[in-house]
Structures are given as C-alpha cells and as structure tokens.
Amino acid sequence: MKKILLSLLILSSLRSNAQKIENIYANLYTDSLKKGTHNYINIDGEMSNGRFLPLDSTQILFKCSQAVFFGNSLFIPVDFKEEKVSVSAMLRSDTTKCKTFDLYIKKMEDPPLKIEKEVLAEMKDKKKKKDLIQKAQ
C-alpha cells in the first residue's frame with residue numbers, strides 16, 4: 001500500500017511540474033513558398049517558463065484548403081495558380097491556441113543549378129581579380 005501511495009505521489013508531482021504551452025507562433029524561414037517542393041512550416045510553442053520549443057505535427061494540427069500537409073511540410077503543386085495560401089495551425093492539446101496566416105507563393109523561378117566546373121571557374125575568376133587588385137595597390 002505504501003508503495004502505491006508513494007508512486008502516486010511521485011507521478012502527481014511530476015505532472016504538476018510539467019511545463020504547459022501558453023501560446024504558439026509561426027516562425028517562418030522564408031517569405032514565400034516554392035511550388036513543387038515540401039515547404040517546412042515551423043511552429044514554436046511558448047512554454048509557461050518563457051522558453052520556446054519547436055512543435056511538430058504530433059502536437060499541431062495543420063490545415064490548408066489549397067495545398068497538402070505532410071507532417072510539418074506543406075506541398076504546393078507545380079501548377080498552383082493562386083498568389084498565396086492560408087494556413088491554420090492549432091495546438092492539439094488546447095484547440096483555443098490557433099494561428100491562421102497567409103503565405104505567399106514564390107513568383108520567379110529558381111535559376112538552374114550550376115555544374116561543378118562552372119562553380120570552380122567562377123572561384124578562379126574571383127581569385128584572379130582579387131590578385132590583380134592587390135598587385136595594383
């Protein structure tokens with residue numbers, strides 16, 4: 001009986017010391033989303049002790065009517081025509097904590113990636129120019 005009471009006391013004290021998520025914030029790494037890729041949507045939880053903790057899809061329910069979520073990643077189809085998407089992130093343990101925000105879609109295409117020879121040639125050219133400038137001084 002004493003062991004059971006001791007166990008209950010320990011468990012209740014651990015539970016009371018657990019930090020609670022007070023608020024959630026969208027912490028985006030970019031100002032626009034790319035089509036045809038998985039765009040990571042970072043949600044941080046502010047804990048009751050003032051610290052911040054990154055949250056994932058086990059703690060956050062993500063919704064977007066215009067695109068599809070895979071975990072924290074929002075996939076924008078290549079043929080997407082709209083200017084922006086509206087994302088909703090809701091804390092699963094407390095649905096009153098919810099953020100809705102708009103994310104714009106990148107308009108300009110990314111330039112093609114350079115091959116190794118092009119990168120090395122640019123590095124050599126920069127070094128030559130730097131050497132010429134130093135000699136001229």
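View A. The model is predicted: local features need pLDDT of at least 70, side-chain atom pairs count only at pLDDT 80 or more, and totals for chains, interfaces and linings use all residues. Residues are numbered from 1 along each chain as its sequence is written, and side-chain values use heavy atoms, without hydrogens and water.

**View B. Aromatic pairs.** Two aromatic pairs are present in the structure; rings of Phe, Tyr and Trp (its six-membered ring) pair if their centres lie within 6.5 Å, and planes under 30 degrees apart count as stacked, over 60 as edge-to-face and the rest as tilted. The ring centres of Y25 and F52 lie 5.9 Å apart with the planes at 55 degrees, so this pair is tilted. Y25 is partly exposed at 33% relative accessible area, and F52 is partly exposed at 49%. The pair of F62 and F69 is stacked, at 4.7 Å centre to centre and 25 degrees between the planes.

**View C. The open sheet β3-β8-β7.** Three strands form this antiparallel sheet; strands are DSSP runs (E, at least two residues), numbered from the N terminus, and two of them pair if DSSP finds at least two bridges between them. The edge strands, β3 (38-40) and β7 (68-70), each pair on one side only. Three antiparallel bridges join β7 to strand β8 (residues 73-75), where F75 is the bridge partner of V68.

Notes
Buried < 20%, exposed > 50% of the residue type's maximum accessible area, 1.4 Å probe, protein only. Helix = DSSP H or I, 4+ residues; strand = E, 2+ residues; numbered from the N terminus.
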